[in-house]
Amino acid sequence: MSLRTIRFILWGLVCVVLAVIAIQLWGGRQQTPQTFQPDFALQDGNGQTHTMSDFRGKFTLVFFGFTNCPDVCPTTMSEVAQVMDDLDADADRVQPLFISIDPERDRRQGLTEYVAAFHPAILGLSGDDAATKDAANSFKIYFGREEDTSAPDGYTMSHSPGLFLIGPDGEWLRQFAYETPAAEILAAIEERI
């Protein structure tokens, strides 16, 4: 086989490989994006189990936190309360949820009363350790216990501080960073209602 023939074969192989890569890249752009539908099975203060499907037809604002949180949780719940007040007639189209990452202590200390102090529409949910981990994994958030002798019961919780907006079909729409103003959250909901 001559050098010219070998070169011709190699260039042919390079062209084939480049064509395959181009087809894969072009084809990948044409695919429908994966949908993200978080879920959970958690109980309210009356022991009734709720899943994301219970809120189909409504937008849901979902936050993971704990009642002894000194800053992130009350700040976020205050923003959610402001959003609910500002929605006026559309407030019944949005269900805010507070999911406890410290369920045993939060139930003991009054999770239902805690969320009601911010706004009567906020529903507090909790579960056992496994259900809490499953819910957090579904939303792709982190939480963990940290020893802290200055905190109640000698520990606090670290966690992802995001507020999640889920659509009426159960699909994740967006995440709001900590300290996102209520007006920005409200605008994001109103443009979709």
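In this predicted model, D153 forms a salt bridge with R108, the closest N and O atoms being 3.0 Å apart. Because D153 lies in the loop between β6 and β7 while R108 belongs to helix α3, the pair ties together parts that are 45 residues apart in sequence. Through shared partners, salt bridges join D102, R105, R108 and D153 into one network.

**Salt bridges**

- The structure holds 6 salt bridges, and among them is the one between the side chains of D102 and R105, with an N to O distance of 2.6 Å.
- R105 also meets D153 in a salt bridge, here at 3.7 Å from N to O, and this pair links distant parts of the chain, with R105 in helix α3 (residues 103-109) and D153 in the loop between β6 and β7, 48 residues apart.

**Nonpolar core**

- The largest nonpolar core has 46 residues, and those with the most contacts inside it are F40, L61, F64, F98 and F139.
- Elements that give two or more residues to this core include the strands β3 (59-65), β4 (94-100), β7 (155-159) and β8 (163-166), together with the helices α4 (111-118), α5 (129-139) and α6 (182-190), but helix α2 gives the most, with 6 residues.

**A contact across the chain**

- A131, a residue of helix α5, counts as buried because its relative accessibility is 17%, which is under the 20% cut-off.
- The C-alpha atoms of A131 and A41 are separated by 6.6 Å, although these two residues are 90 residues apart along the chain.

**Negative surface patch**

- D85, D86, D88 and E190 form a negative surface patch.
- D85 is found in helix α2 (residues 72-86) and, with a relative accessibility of 44%, counts as partly exposed.
- D88 lies in the loop between α2 and β4 and is exposed, with a relative accessible area of 60%.
- The phi of D88 is near 50 degrees, again a positive value in a residue other than glycine.

Definitions and conventions. Residues numbered from 1 in each chain as written. Predicted model: local features only at pLDDT ≥ 70, side-chain atom pairs only at ≥ 80, totals over all residues. Heavy atoms only, no water. Patch = residues over 30% accessible without salt bridge, like charges linked within 9 Å, V, L, I, M, F, W, Y side chains within 5 Å. Areas by Shrake-Rupley, 256 points an atom, 1.4 Å probe, with all protein chains shown as cover. Salt bridge = Lys/Arg side-chain N within 4 Å of Asp/Glu carboxyl O. Lys, Arg positive; Asp, Glu negative; His and termini not counted. Charge placed at Lys NZ, Arg CZ, Asp CG, Glu CD. Helix = DSSP H or I, 4+ residues; strand = E, 2+ residues; numbered from the N terminus. Buried < 20%, exposed > 50% of the residue type's maximum accessible area, 1.4 Å probe, protein only. Core = buried A, V, L, I, M, F, W, Y, C linked by side-chain atoms within 4.5 Å.
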